[in-house]
Amino acid sequence: MLPEATTHALLRIGSADCLENAEAAPGWVSGALRRAPWVVVRRVPRDGDRIPVGVRGAARGERYAGWLPTAAVRECLTPRELAARRGWHAHPRRDAVAALAALAAVETLMRSRGLATSWGPAGSVGFELASGCETASPASDLDLIVLPEVLMPGGAARALAAELTALPARVDVLIELPGGSALALGELARATAPYLLRTPQGARRVADPWSGAGMGR
């Protein structure tokens with residue numbers, strides 16, 4: 001797997017023919033990839049040289065899981081790279097989509113929290129910024145990924161969650177941990193065990209989400 005092709009990374013591919021799966025792809029998949037030839041990396045263990053990816057269609061329920069050979073990747077963009085590009089500042093739909101407009105305030109907030117280079121957009125907003133295809137709607141949530149370099153205590157998580165609540169769009173945040181696991185910011189802010197940890201092997205409850213993460217305090 002490409003070093004940067006971690007969960008949530010967006011990969012540009014040639015066509016639907018690049019995807020591998022034991023089941024035939026639904027009819028909408030080819031059309032979706034013609035419009036925007038991008039797939040997102042799923043939180044699933046790799047299969048040899050194949051990357052677990054998902055395809056998003058035009059409708060909310062149109063999601064397809066497949067596998068992509070590493071050699072088929074033409075470009076890879078992570079949420080942090082999308083944040084570094086700051087594409088929302090001149091985005092033509094910024095005034096129409098609250099989640100896009102909110103990114104300027106998120107940028108300022110993350111900088112004030114010492115997370116200037118540790119966050120990025122995902123979901124429909126991230127997909128639109130990467131692909132240029134109109135994916136987010138005026139009612140879309142803003143999905144954010146945060147990759148802290150040190151342990152984030154419950155108090156800091158609560159403060160960040162409170163500040164994000166004041167933004168004009170609903171914000172959902174995943175805290176990504178070394179090793180491929182993650183937990184929702186709300187779980188961390190609650191600061192009460194057990195925590196629901198999302199891992200490549202599936203969700204599980206843990207007493208300490210930071211255990212084994214190898215992060216400074």
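The second largest pocket of this predicted model has a volume of about 490 Å³. Its lining consists of 25 residues, and those nearest the centre are Thr 6, Thr 7, Glu 176, Leu 177 and Gly 180. By class, the lining of this pocket holds 13 nonpolar, six polar and six charged residues.

Three of the residues named there, Thr 7, Glu 176 and Gly 180, are also touched by Arg 43. Arg 43 sits in the loop that runs between strand S2 (38-41) and strand S3 (50-56). Its relative accessibility is 16%, so Arg 43 counts as buried, the cut-off being under 20%.

The largest pocket has a volume of about 1100 Å³. Of its 41 lining residues, Arg 56, Arg 63, Gly 123, Ser 124 and Asp 143 are the closest to the centre. Among the elements that give two or more residues to this lining are helix H1 (28-35), S2, S3 and strand S8 (171-176). The lining of the largest pocket divides into 20 nonpolar, 10 polar and 11 charged residues.

Which element gives the most to the lining of the largest pocket? Helix H5 does, with four residues. H5 spans residues 123-131 and is largely enclosed by the rest of the structure, because seven of its nine residues are buried. The buried residues include Ser 124, Phe 127 and Glu 128. After H5 comes Gly 132, with a positive phi near 80°.

How values were computed:
Residues numbered from 1 in each chain as written. Predicted model: local features only at pLDDT ≥ 70, side-chain atom pairs only at ≥ 80, totals over all residues. Heavy atoms only, no water. Buried < 20%, exposed > 50% of the residue type's maximum accessible area, 1.4 Å probe, protein only. Contact = heavy atoms within 4.5 Å. 1 Å grid on protein atoms, 1.4 Å probe; cavity = no way out; pocket = protein on both sides within 12 Å on 5 of 7 lines; lining within 4 Å. Points joined across faces, edges and corners; volume = space filled by probe spheres on them. Nonpolar A, V, L, I, M, F, W, Y, C, P; charged D, E, K, R; others polar. Lists of a residue's contacts leave out its neighbours within four places in sequence.
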